[in-house]
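Subject: Structure for you to look at

Hello,

Here is the structure I promised to pass on. Please open it first, then read my notes below.

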Amino acid sequence: MRIAFVTGGGSGLGKSIAHRLAADGFSVAIADIDQSSAELVAKEIQEDGARALALRCDVSSLDSVKEAVATATERLKGGLDVLVNNAGFDEPEFFLQTDPELWDRLIAVNLKGVLNCTFAAAPLIAESCRESGYGRIINIASDAGRVGSLGEAVYAAAKGGVIAFTKAMARELARDKITVNAICPGPADTPMTDRIRSSALGDKLMARMADVTPLKRLALPEDVAGLVSYFARDEANFITAQVVSVSGGLTIPG
C-alpha cells in the first residue's frame, strides 16, 4: 500500500486531501502543528476503514519535519511515496502597514516549510521510486503567487517561490522518476478564509473575489483534493513541472 504524507492535514484543504487520498487507497500520515485536529481527521479516516496516522509537525522547523517523517515511515511500516506540501497561512494587510515579524512567519511556513518537507521526504520517496517507479511531490501553492494579490504581498512572494521551487525540483528529481507539480487554488472556503474574513480588509477581499470569479463562488476543499488525487494517479506519470490553477476562472494565466 502506498503511503502519503500530507502537511496541514488537520483542517481545510489538507483535511479534504487526506480523506481523498485515503479513499484512493493510500495510507495517510496527517501532519499538522495542531495534533488534536490531525487526530480527529485520522480517526475519521480509520472509521472509514483506511489507514491513517496523526503527527504533530511544525513545517517551519526542519527537526520537527524530520521527526514526523521518520515516525510516519516507521509506524506505517513502509517507504514514502507521496508528499503533499499543503501547510500554510495568511494574514492579509497592505504591505507598508505590516510588521516585519509577520514576513518572517509567512515565509517560514509557506515557503521554507515546503523546502524543509521536501528536503526530509524526497530521499525516501526516491528510494521507494527506484524500486516501484512511482513517486510524487505535490505542492499547494496559490494563484496569489502567479498573479500577485492585493493585501497579500509577502504571502504571494512566498507562494511564487513555491512555484519556482516546484519547477526546479521537477528537473532535479526527474532522474529518480519523481514527478513534482504545483496546484494553485484561488480563494477557497476553508477555516483560513474564515480567519481572513475576521478583518475588515480580509472580509472585503473575500467578497470581491467571489463576485469577480466567473463561476461565482470560492473554491471548495474537494475541488483541490480532486486535482491532488489526479496528480497522485499512475495516469499522471508523465506530468511534471506543471502549475495548475483551481480558481473557477478567476485567474487565466497565459
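A definition to start: Lys and Arg count as positive and Asp and Glu as negative, while His and the chain ends are left out of the count. With that in hand, the protein chain carries 26 positive and 32 negative side chains. The centres of these two sets lie 5 Å apart. Please keep in mind that this is a predicted model.

Overall form

The protein chain has 10 helices and seven strands. Its radius of gyration is 17 Å, close to the 18 Å that the globule rule gives for 254 residues, so the chain is as compact as a globular protein of that length. The C-alpha trace spans about 50 × 40 × 35 Å along its principal axes. Of the 254 residues, 52% are buried. The chain exposes about 11,700 Å², and carbon and sulfur atoms supply 53% of that area. Now take the contacts with a separation of 6 or more: residues 24 or more positions apart account for 70% of them.

The cores

In soluble globular proteins, nonpolar side chains tend to be buried together. Which residues have the most contacts inside the largest nonpolar core? They are Phe5, Ile137 and Ile178, in a core of 42 residues. Several elements give two or more residues to this core, among them the strands β1 (3-7), β2 (27-32), β3 (52-56) and β6 (179-185). The most comes from α5, with eight residues.

Beyond residues up to four places away in sequence, Phe5 touches Ala29, Ala31, Leu55, Ala68, Val69, Ala72, Leu80, Val82, Leu83 and Val84. There is also a second, separate core. This one has 31 residues, including Ala22, Val28, Ile138 and Ala188.

Gly148 sits in the loop between α6 (144-147) and α7. Is Gly148 buried or partly exposed? Its relative accessibility is 37%; buried means under 20% and exposed over 50%, so Gly148 counts as partly exposed. Setting aside neighbours within four places in sequence, Gly148 is in contact with Asp143 and Ala156. Glu127 is 21 residues from Gly148 along the chain, and their C-alpha atoms are separated by 37 Å.

Best wishes

How values were computed:
Residues are numbered from 1 along each chain as its sequence is written. This is a predicted model: local features need pLDDT of at least 70, side-chain atom pairs count only at pLDDT 80 or more; totals for chains, interfaces and linings use all residues. Side-chain values use heavy atoms; hydrogens and water are left out. A nonpolar core is a set of buried Ala, Val, Leu, Ile, Met, Phe, Trp, Tyr and Cys residues joined through side-chain atoms within 4.5 Å. Buried means under 20% relative accessible area, exposed over 50%, partly exposed in between (1.4 Å probe, protein chains only). Helices (H or I, at least four residues) and strands (E, at least two) are DSSP runs, numbered from the N terminus. Contact means heavy atoms within 4.5 Å. The radius of gyration is taken over C-alpha atoms; the globule rule is 2.2 Å times the number of residues to the power 0.38. Accessible areas come from the Shrake-Rupley method with a 1.4 Å probe; for residues, only the protein chains shown count as cover. The place of a charge is taken as NZ of Lys, CZ of Arg, CG of Asp or CD of Glu.
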